[in-house]
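Student: I've just opened this one up and I'm new to it. Can we go through it together, one question at a time?

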Amino acid sequence: MSMTAQPSPAVPSSPAAPPSPAAPTRSSPAAAARSALRDRPFRLTAPPVSGILRPRLVLTGVLLAVGAFALFCWGLAVGDYPVTLPEVVKALFGVGDPGTVTVVQDLRLPRALTGLLVGVAFGVSGAVFQTMTRNPLASPDMIGLTAGAGTAVVGAVVLGWTGGLGLSTLGLLGALATALLVYLLAWKGGATGYRIILVGIGVSWICTSATDFLVARGNRFEAEEALGWLVGNLNGRTWSQVDSLAIALAVLLPVTLGLGRWMRTLQLGDDVAAGLGTPVQPVRLALLLTGVGLVAFGTAAAGPVAFVALACPQIALRLAGTSTPPPLVSGLTGAFVVLGSDLLAREAVPGTELPVGIVTGVLGAPVLLWLLIRANRAGSGG
């Protein structure tokens, strides 16, 4: 018996329901803030410029600049002769009581400016070395540059031989000689970041041992002068330190920022950077010289202020949300940290002014331990 399929009767389709109006979406303030701070590409026709606008980076830099200026004015206000903040601002422009103007401009301003410029120099130098070597532990004080400058200055103080040069010039020459030695010893068909770090640590210990020997050999007064400089100190700074450091920053900071594009390509590795047209070794040598110049002039002005070049670029990186330490924001972070540490050094113990390097060492040591723990958890801690 055959069976044939009967067509089923058509079912009339119901008219489509009208689309319901979309419910209004309400973005939370946090989501709106994140959207406002998101990176945005831009392109201009005249002049033909393109790039990425980073609002969070700009906002971080502005806030750090305002904070550093506030600490700068605060540092000018405190002391045996207290001055109010409005009087400080007026005295900076030469307005107000003559005694207040003298105290602010002649006695306190050189110290505050030295701290500000030293923080910028150390912060930018640390960002350069950490970006160049692709290692957050790379900094001038970790790879021996500040130790080399310290050995040169202490040798001049203890041995009494300066060759007609000032201590600032000797510190600069010591840092440059140490950098050249590290670069030559790390060279093996090129100088990679890890070799620079490993060789620099060894050279740093050699310089530290030489410095300890010189201090032990010197008499009491020579040893006190050398140790007061080695710990990092802003006491007794004069306009000569300010002038030399300001000139160095005016020359080296634009050069560093100009090398920023090539510095970022080095983060991709030497082979990829070379494929993108970056002259790897000349750029690395230029970055090494600019970083050394910044830290050498900073060290010559205030001594080797500990951990500023190591910690401030990492702080700036996390505040700005970038993949590499931003040089300018790192410098502003360094200025904020040094000025804040100097205030703590002057006010922490009543009647005593501690060297600023002691405070930065106390604050920076936990950052170093955190970086080591983080590197070890990531599998790159050795």
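Student: Is Tyr183 buried or exposed?
Tutor: Keep in mind that we're looking at a predicted model. The cut-off for buried is under 20% relative accessible area. Tyr183 has a relative accessibility of 9%, so Tyr183 counts as buried.

Student: And Trp187, how does its relative accessible area class it?
Tutor: Exposed would need over 50%, and buried under 20%. Trp187 has a relative accessible area of 43%, so the class in between applies and Trp187 is partly exposed.

Student: How many aromatic pairs turn up in a search of the whole structure?
Tutor: The search covers the whole structure, and the count is one aromatic pair. Its members are Tyr183 and Trp187, with ring centres 5.9 Å apart.

Student: What do we call the arrangement of the Tyr183 and Trp187 rings?
Tutor: Look at the planes, which sit at 50° to each other. Stacked would need under 30 degrees and edge-to-face over 60.

Student: Let's step back. How many helices and strands are in the protein chain?
Tutor: The chain has 382 residues, of which 45% count as buried. Among contacts between residues at least 6 apart in sequence, 69% join residues at least 24 apart. As for the elements themselves, the chain has 15 helices and two strands.

Student: How are helix 2 and helix 4 oriented to each other?
Tutor: Helix 2 covers residues 55-77 and helix 4 covers residues 98-133, and their axes come within 9 Å and cross at roughly 140°. Roughly antiparallel would need over 145 degrees. The two helices are therefore oblique.

Student: Which residues of helix 4 make the contact with helix 2?
Tutor: Helix 2 passes helix 4 in a right-handed crossing. From helix 2 come Phe72, Leu76 and Ala77, and from helix 4 come Val104, Arg108, Leu109, Ala112 and Leu113.

Student: By class, what residues are in that contact of helix 2 with helix 4?
Tutor: There are no polar residues there. The tally is one charged and seven nonpolar.

Student: Ala77 came up there. Which residues does Ala77 touch, not counting those up to four places away in sequence?
Tutor: Ala77 lies in helix 2, and at 7% relative accessibility Ala77 counts as buried. The C-alpha atoms of Ala77 and Val88 are separated by 6.3 Å, though the two are eleven residues apart along the chain. The residues Ala77 touches are Pro82, Val83, Leu85, Val88 and Arg108.

Student: What about helix 13 and helix 14, how are they oriented to each other?
Tutor: They pack at about 120° with axes 8 Å apart, and the crossing is right-handed. Roughly perpendicular runs from 65 to 115 degrees. Helix 13 and helix 14 are therefore oblique.

Student: How do the residues of the contact of helix 13 with helix 14 divide by class?
Tutor: Val308, Cys312, Pro313, Ile315 and Ala316 in helix 13 meet Val329, Ser330, Thr333, Gly334, Val337 and Val338 in helix 14. They divide into no charged, three polar and eight nonpolar.

Student: Last one: which residues is Pro326 in contact with, leaving aside neighbours within four places in sequence?
Tutor: Pro326 lies in the loop between helix 13 and helix 14, and at 9% relative accessibility Pro326 counts as buried. Its C-alpha atom is 9.4 Å from that of Gln314, twelve residues away along the chain. Its contacts are Leu57, Ala316, Leu317 and Ala320.

Note on methods:
Residues are numbered from 1 along each chain as its sequence is written. This is a predicted model: local features need pLDDT of at least 70, side-chain atom pairs count only at pLDDT 80 or more; totals for chains, interfaces and linings use all residues. Side-chain values use heavy atoms; hydrogens and water are left out. Helices (H or I, at least four residues) and strands (E, at least two) are DSSP runs, numbered from the N terminus. Buried means under 20% relative accessible area, exposed over 50%, partly exposed in between (1.4 Å probe, protein chains only). Contact means heavy atoms within 4.5 Å. Rings of Phe, Tyr and Trp (its six-membered ring) pair if their centres lie within 6.5 Å; planes under 30 degrees apart count as stacked, over 60 as edge-to-face and the rest as tilted. Axes are lines fitted to C-alpha atoms, for helices over the stretch in contact, and angles run from 0 to 180 degrees between N-to-C directions. Angles under 35 degrees count as roughly parallel, over 145 as roughly antiparallel, 65 to 115 as roughly perpendicular and the rest as oblique. A crossing is left-handed if the near helix is turned anticlockwise from the far one by less than a right angle, and right-handed if clockwise. Ala, Val, Leu, Ile, Met, Phe, Trp, Tyr, Cys and Pro count as nonpolar, Asp, Glu, Lys and Arg as charged, and the others, Gly among them, as polar.
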